[in-house]
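Thanks for making time for this.

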Amino acid sequence: MDGIINIYKEAGYTSHDVVAKLRGILRERKIGHTGTLDPQATGVLPVCIGKATKLCELLLDKEKAYEAVMLLGVTTDTEDMTGTVTGENEVRVSEEDIRSAAKKFTGKYGQVPPMYSAIKVDGKRLYELARDGKEIERQPREVEIFENEPVSFRFDENGFVKEVTLKIRCSKGTYIRSLLRDMGEFLGCGACMKSLVRTKAGAFGITDAVTLKEVEQARDEGRLADLLLPIDLFLVKYPAVEILPEYEHYLYNGNRLDSFMLKEKVALKDRDGIRVYDTKGTLIGLYLYLEEYGILHPEKMFLP
């Protein structure tokens with residue numbers, strides 16, 4: 001099996017749990033996910049299978065979209081509702097205040113990642129240090145928030161905002177928990193994440209995502225091919241060419257290629273990508289054109 005399945009991750013599973021369960025369902029060892037979701041979060045988790053695992057790194061770079069619920073006046077050590085409460089503050093925040101905070105945190109900014117995260121420092125993951133009761137200084141990392149739109153509010157008995165649902169689009173590496181933490185600090189009352197749904201990851205949307213149970217059902221009914229998205233589908237921005245028969249062995253060996261080895265001539269600039277197929281029409285590799293040397297260098301190979 002080679003391709004990508006758009007999984008709807010349900011609450012209570014880690015991303016690694018999803019991969020482990022799929023290995024059992026599909027009886028396939030080569031499986032990898034394309035971006036971690038917290039256990040309590042739900043939504044889109046594209047999973048690469050077989051030769052498509054070579055795409056995991058490329059798909060990690062894509063922008064993500066979320067629907068997040070921010071709870072005002074409460075802070076926790078994990079920055080979400082699964083952690084220990086570290087503070088409870090009075091909330092006197094209006095809708096206009098929320099919109100100002102959302103605007104403030106739209107665009108690029110330096111985000112300090114949470115202690116409960118998988119980032120490694122000196123060989124140890126931050127969440128391992130946090131579980132040992134240690135907190136270390138973290139350097140801000142630049143992230144970009146493309147969209148940060150409040151879409152609904154819940155008010156307390158005094159008419160102040162208690163919860164807000166936000167539509168967020170952001171760059172890779174953004175922690176939504178930390179974004180809401182920073183907005184809460186800006187508002188002066190603190191905040192944490194109450195719930196999170198990933199609605200999009202690159203080209204994958206939530207309306208097309210399937211649960212693990214649905215994958216298992218498709219396997220039992222012989223319909224797995226219906227769920228498997230081909231590798232080519234996610235490389236369509238790169239031009240496609242076929243190798244000439246006499247040079248096919250160079251392609252199968254993962255060698256660098258010269259343009260005269262290709263059936264079609266394609267105008268390329270330095271570092272442009274190109275899909276190279278064998279004479280049977282099978283995608284074998286994604287190559288990069290290196291203008292300085294006038295060659296095509298193998299970037300991702302999809303050999304058996």
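Before the first residue, one term: when I say that two residues touch or are in contact, I mean heavy atoms within 4.5 Å. With that cut-off, and not counting residues up to four places away in sequence, S178 touches E79, Y109, Q111, V112, P113 and P114. Keep in mind that this is a predicted model.

S178 sits in helix α5. Buried or exposed, then, for S178? Its relative accessibility is 0%, so S178 counts as buried.

One of the residues on that contact list, E79, deserves a comment of its own. E79 is in the loop that runs between β5 (74–76) and β6 (85–88). Its relative accessibility of 8% is why E79 counts as buried. E79 is not a glycine, yet its phi is positive, at about 70°. As background, most residues other than glycine have a negative phi.

Two further residues belong in this part of the talk. R271 is not a glycine either, and has a positive phi of about 75°. R271 is found in the loop between α8 (248–252) and β15 (273–277). Because its relative accessible area is 52%, R271 is exposed.

Now the whole chain. The protein chain has 304 residues, and buried residues make up 47% of them. Its secondary structure comes to eight helices and 17 strands. The C-alpha trace spans about 75 × 50 × 40 Å along its principal axes. If we take contacts between residues at least 6 apart in sequence, 65% of them join residues at least 24 apart.

Next, the interior. In soluble globular proteins, nonpolar side chains tend to be buried together. Here the largest nonpolar core holds 30 residues, and the members that touch the most others are M70, L72, I98, I168, I176, L180 and M183. Which elements each supply at least two residues of this core? They are β4 (64–72), α3 (95–104), β10 (141–155), β11 (161–170), α5 (176–187) and β12 (191–201). There is also a second, separate core of 18 residues, which includes L22, L26, I49 and L212.

Neighbours within four places in sequence aside, M70 is in contact with I98, K162, E163, V164, L166, L180, M183, A191 and C192.

I98 brings us to helix α3, where I98, A101 and A102 are buried. These three cover an arc of only 100° around the axis, which puts them on the same side of α3. The face turned away from that buried side carries exposed residues, E96, K103 and K104. Among the elements covering the buried residues of α3 are β4, β10, β11 and α5.

From β10 I picked out R154. Its relative accessibility is 43%, so R154 counts as partly exposed. R154 and E95 are 59 residues apart in sequence, and their C-alpha atoms are 10.0 Å apart in space.

The other helix to look at is α1, residues 15–26. It has twelve residues, and from first C-alpha to last it reaches 16 Å, close to the 16 Å expected at 1.5 Å a residue. Its buried residues are S15, V18, V19, L22, I25 and L26. Viewed down the axis of α1, they fall within an arc of 125°, so they line one face of the helix. The general point is that an α-helix has 3.6 residues a turn, so residues three or four places apart point the same way. What covers the buried residues of α1 includes β1 (3–9), β2 (31–33), β3 (42–49), α6 (212–220) and α7 (224–227).

The largest pocket contains about 1200 Å³. It is lined by 35 residues, and T36, L37, D38, A118 and Y175 are the closest to its centre. At least two lining residues come from each of α1, β4, α4 (126–131), α5 and β12. Which element gives the largest share of the lining? That is β12, with three residues.

That is where I will stop; comments are welcome.

Definitions and conventions
Residues numbered from 1 in each chain as written. Predicted model: local features only at pLDDT ≥ 70, side-chain atom pairs only at ≥ 80, totals over all residues. Heavy atoms only, no water. Core = buried A, V, L, I, M, F, W, Y, C linked by side-chain atoms within 4.5 Å. Buried < 20%, exposed > 50% of the residue type's maximum accessible area, 1.4 Å probe, protein only. Helix = DSSP H or I, 4+ residues; strand = E, 2+ residues; numbered from the N terminus. Expected span 1.5 Å × (residues − 1). Arc of directions from axis to C-beta. 1 Å grid on protein atoms, 1.4 Å probe; cavity = no way out; pocket = protein on both sides within 12 Å on 5 of 7 lines; lining within 4 Å. Points joined across faces, edges and corners; volume = space filled by probe spheres on them.
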